[in-house]
Amino acid sequence: MKYRSVFDIIGPVMIGPSSSHTAGAARIGRVARSLFGRQPKWATISFYGSFAKTYKGHGTDVAIVGGLLDFDTFDERIKTSLAIAESLEMRISFHEEDAITDHPNTAKVLIGDDEGELELVGISIGGGKIEITELNGFELRLSGNHPALLVVHNDRYGAIAAVANVLAKFAINIGHMEVSRKEKGKQALMTIEVDQNINDAVIKELSALPHITQVTKIVD
């Protein structure tokens, strides 16, 4: 794991006690909330490995729910996030899983409401840093630390080039990009981390491209 500065090692400004078990969990929850685009009515949260063993003592449960409520890592409301979620009639359930995962600090978040659902798997890799490794069945690698675009599209020739051309038109630099698909010729997902936040004009133009079915942005 490479760090860009001493602050990556020390960790973020946060509600304690652990950057990996608390700040990382809050960020996983907040990315899920951002991708869902609204406050969910319910959430089913599964913890694996170290998360499953220590989540109550380390505040992983209140942190991840705080993220689902769109609270940042340093927000004091994280401490009472479970009570806040209850007051908002958000139904929360936690599950301790025995399955062995690739990383000990792994959480699966399934959220939804009357309009839809979203399933996300995230890992906390230390110092408050995270990676999203799965989204609605697609494998991906998303840090959550940079502005990003998630583009769902039909797996067709030219779709990736068309998206790249739109970003070039708006002078948006791509820091990291990868494509995941469940089956050849079916649905695919572009994950694009960029150097600046994306405005609505870019989203509108991307959404109008052939073979593009959904465009979601994550702001920094």
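Author: Let us begin with T216, which counts as buried because its relative accessibility is 15%, where buried means under 20% relative accessible area, exposed over 50% and partly exposed in between, with a 1.4 Å probe and protein chains only. This is a predicted model, in which local features need pLDDT of at least 70 and side-chain atom pairs count only at pLDDT 80 or more, while totals for chains, interfaces and linings use all residues. Residues are numbered from 1 along each chain as its sequence is written, and side-chain values use heavy atoms, with hydrogens and water left out.

Reader: Which residues is T216 in contact with, leaving aside its neighbours within four places in sequence?

Author: Contact means heavy atoms within 4.5 Å, and by that rule T216 is in contact with L35, A148, L149 and L150. Seen from the other partner, L35 touches T216 and also, among others, L118, L120 and L135, not counting residues up to four places away in sequence.

Reader: How is a pair of aromatic rings described?

Author: One gives the distance of the centres and the angle of the planes. Rings of Phe, Tyr and Trp (its six-membered ring) pair if their centres lie within 6.5 Å, and planes under 30 degrees apart count as stacked, over 60 as edge-to-face and the rest as tilted. The structure holds 4 aromatic pairs; in one of them, F47 and F94 have ring centres 6.0 Å apart and planes at 10°, so the pair is stacked.

Reader: Are F47 and F94 buried or partly exposed?

Author: F47 is buried, at 0% relative accessible area, whereas F94 counts as partly exposed at 25% relative accessibility.
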